[in-house]
Structure formats: structure tokens, C-alpha cells
Amino acid sequence: MGRGDGSGRRVSPDDADDTGTRILHVDMDAFYASVEVLHDPALAGKPLIVGGMEGRGVVSSASYEARRYGVRSAMGVAQALRLCPQAIVVVPHFERYSALSRQVMGIFQEITPLVEPLSIDEAFLDVSGARRLWGSPGEIARMLRARVLAETGLVCSVGVAATKHVAKIASTMSKPDGLLIVSEPETAPFLAALPVRALWGVGPKAAEALEARGIRLVSDILASPQRVIERALGPTGGERVWLLAHGQDPREVETERVEKSIGHEETFLHDIADRATLRSELRRLADRVAGRLRGGGWEARTISLKLRYADFTTLSRASTLAEPTDVGQRIGDVAIGLFDELELAQPVRLIGVRAEKLRPGGGAALTLWDDDEDWRRVDAALDDARDRFGGGAVTRASVLGPRRDVNALPTNPRLPRE
């Protein structure tokens, strides 16, 4: 699969068979870094890091020249510079990325209306209905790559396959600036030769659970009874991985994205060990999450806490509520409750709150009484003040209490990862 630096790159010949394919996964290559090169061509061909310059800055993107030294997204900028001292660091310019993203997505929409954006720089396309106009899926992929380059100056990698899962793997393997087509008849042998870590959704812990049982390649999954995979990964995860290994992925391209979770997290300028300061941060983050829930018309059934120690060890805890909520006080209480169950092994580098299992809001109005009625009035007042005076103009007094540590202020805006 390569290491994200272009090693192990695989591409298809011009006459590659695209029988049975209809899904394209298009992924812009080193998107933020590439946009910065467009803005300043003198950066071309140089190891480039896009990330925060102050304190605990995080790498948002890195050129392939920097990636060959081991630089990766979400890595601390200080660590990245130790790996690649000659790298040039550029602060993010999100407005540039958003403008180019809209232009790229517009090109996709001109080819097919069935476009599912996954992030600012990647999307699935279903081209089954565009063949009469544009040709076969392979021809469409080549035309799309040429158009993106000609109209934006950016390069992209494309995977073409019969399913979303295989198309996603193919685009990753073809990076940078590549096209890999996996026909339907070739899907089984293509998957069988891959490591289990290549399967979409198999993270490090799941991979370790499989590898501990001697299951290292997808072919090992194919040779194992389904119950063995389910014992390693649980019934739900095991069944999903079993189906993906067999090339079965019934998911269609969804043109309307449904928000699955809403969260906020902060990286501190200095590691924080004071529990009162961390609770205050959780309360502030919970209010931000709740505000976004209300703004989008959502309620959350599950609240999760994320905590990263100074050595980058990361913990997560979650709690499912009896009734979904969009109330800041309730979300903060749950997040703080999860935090209070932890023993701080060392100072904290990052903390975050996330609302999950979202559903359309309004359920509280159907109950006979609302335990959060008073807090809803507080939230309504906060929302009104923020709408009138801006997001940073008003907050809870508890967040500004005497124990608040100025080092808890965020370092840089956290941009969506590529």
C-alpha cells in the first residue's frame, strides 16, 4: 500500500480493463500543500509543510518531498522539522483551499450529478449514468484528471472499481498523480494480495487483533471461517470486514451528506495537569458543540471525550444518554463525568468533546416536562448573544473562573485533515 509518500505506487496502463466498474474515488494529492505551490510556484519541488507556526502547531498537509522524510498530517510541526529540518513551513490559508475545493467539486458535478464529497479534497462519483455522454468509467477517469489539471493546476489520483471500498483503496495505491482501475473480475485477486490493514475501516487495534491470530493478508481472511473474524473483531466489525474482504460493499454514492458527529478539540500551548482547568475547557468545548447541534437542528444520543497526553498517548471515552440532547450543560456534565473517571497519568496536550449518533432535534417538546428547561433558556440567551455580537463575545462565567489557565487557550484553528 505504500507509506503515503508515493512508495509502492501502482497505476493502470492506458488499455486497462474496466469491465463492471462504475465508482470513481477522486482524491486530490497533498491538497493544501499543492494549493500553496499554486500561490507561490517557488515552493515547487521543495519539502513543504502546511501547519501552525506557534507553540503546538500541527501539520495539516505536507508535500511528497517532505513525506519522504516521514512527515505526516496531524504530526506536531516541531517533530516534523526534526525529521526534515530543511522543510519550509507555511501557515494555512483555508479560504484558498475552500475556493479550489468548490471549483474541483464543480467539475465533478458537470460529469455526473451523483457526487458524494467525503472531505474538502476527495469524493466518490457514480458514473453509471454518464457513460453514454462521456464513455467508459476508465475514459471518464482520464478525462476528469485532465480537466482538473487544466482548469485548476492541481493533480489528483483516481481509483475506479465496482464498489466504493475498492475504489478508495485503488486511489490510495495510485498516489501521487495516478489512476488505478480494478475491474470486477479482478477484484478478488486484487484484494487477496493486500494486507488486512489496507481494508477500509481496519485500524491499528483491529489489525493487531487479526495479526495476533496469524491473519495478516486479506487472503488469510478468505481462508478463515467467518466466526474466527467475528471473535477477533466482534460480531458487527467481523461481519463488515468479512464482507469487504470478499469484495462485497453494497453502499451507494450518497449525494446528500448527513452529519454523523459534531465535535471540537483544542491543543494547548503547554501541557495542562490542573484538573479544574481541564474541566473548564470541557465546559467551553461542550457549549461550542451544543451550539453547532442547535444551529444544525440536531440532537445527540452519545457524548464522547478525547484526551491526548504529552507523549501523544490518546484516550477516548463515550457515554450514551437515555434521551438525546442539544443542551450545553448536559453535554458538559457528561464529558466532565467521563473525564473524572480517568486518572491523569501525565499532563494533557489535547482535549476534545464530540456529539455522536445524531438525530433531528425537537424531541424534548414531546415530553410532559423537560429537566433541562432552565438550561435551554440559558442556551437560547447564549445563542442570541453570539448571533448579535460574534462567537467569542460571550461565554459562561465558570469558563472564566479563577483557576482558568491562559495556557489552555487554543494555538491555531484546526483545519479539516486531508
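This note sets out numbered points on the predicted model shown above.

1. Basis of the model. The structure is a predicted model in which local features need pLDDT of at least 70 and side-chain atom pairs count only at pLDDT 80 or more, while totals for chains, interfaces and linings use all residues. Residues are numbered from 1 along each chain as its sequence is written, and side-chain values use heavy atoms, with hydrogens and water left out.

2. Confidence. The term pLDDT denotes the predictor's confidence in each residue, from 0 to 100. Its mean for the protein is 87, and 83% of the residues reach 70 or more. Two stretches call for caution. Over residues 364–370 pLDDT stays under 50, and the model has four contacts beyond four places in sequence for them; a contact means heavy atoms within 4.5 Å. Over residues 400–417 pLDDT also stays under 50, and here the model has 48 contacts beyond four places in sequence.

3. Overall architecture. The protein has 15 helices and 12 strands. These are DSSP runs, numbered from the N terminus (helices are H or I, at least four residues; strands are E, at least two). Of contacts between residues at least 6 apart in sequence, 69% join residues at least 24 apart.

4. Surface and interior. Of the 418 residues in the protein, 46% are buried. Buried means under 20% relative accessible area, exposed means over 50%, and partly exposed lies in between (1.4 Å probe, protein chains only). The protein exposes about 20000 Å², of which carbon and sulfur atoms supply 53%. Accessible areas come from the Shrake-Rupley method with a 1.4 Å probe, and for residues only the protein chains shown count as cover.

5. Aromatic pairs. The structure holds four aromatic pairs. Rings of Phe, Tyr and Trp (its six-membered ring) pair if their centres lie within 6.5 Å; planes under 30 degrees apart count as stacked, over 60 as edge-to-face and the rest as tilted. The pair of Phe 31 and Tyr 32 is tilted because the ring centres are 6.0 Å apart and the planes stand at 50 degrees. Tyr 32 and Tyr 97 have ring centres 4.3 Å apart and planes at 15 degrees, so this pair is stacked.

6. The aromatic cluster. Phe 31, Tyr 32, Phe 94 and Tyr 97 form one aromatic cluster. Phe 31 and Tyr 32 are both buried. Tyr 32 has a relative accessible area of 0%, and Tyr 97 is likewise buried, with a value of 0%.

7. Charges over rings. A charge sits over a ring if NZ of Lys or CZ of Arg is within 6 Å of the ring centre and within 35 degrees of the ring normal. Arg 67 lies over the face of Tyr 64, at 4.6 Å from the ring centre. The charged end of Arg 275 is placed over the ring of Phe 339, 4.5 Å from its centre.

8. Salt bridges across the chain. The whole structure contains 19 salt bridges, each being a side-chain nitrogen of Lys or Arg within 4 Å of a carboxyl oxygen of Asp or Glu. Arg 145 bridges to Asp 177, with the closest N and O atoms 3.1 Å apart. Arg 145 lies in helix α6 (residues 137–152) and Asp 177 in the loop between α7 (164–173) and β8 (179–181), 32 residues apart. Arg 359 forms a salt bridge with Glu 299, their closest N and O atoms being 3.2 Å apart. Here strand β12 (residues 348–360) supplies Arg 359 and strand β10 (residues 298–309) supplies Glu 299, 60 residues apart. Arg 359 is partly exposed at 34% relative accessible area, whereas Glu 299, at 2%, is buried.

9. A salt bridge within a helix. Glu 281 and Arg 284 form a salt bridge whose closest N and O atoms are 2.7 Å apart. Both residues lie in helix α13 (residues 275–296), three residues apart, about one turn of the helix.

10. Backbone details. The peptide bond from Lys 175 to Pro 176 is cis, with omega near -5 degrees, and Pro 176 is found in the loop between α7 and β8. Phe 312, although not a glycine, has a positive phi of about 75 degrees. Phe 312 is partly exposed, with a relative accessible area of 35%. Lys 357, in strand β12, also has a positive phi, near 50 degrees, and counts as exposed at 56% relative accessibility.
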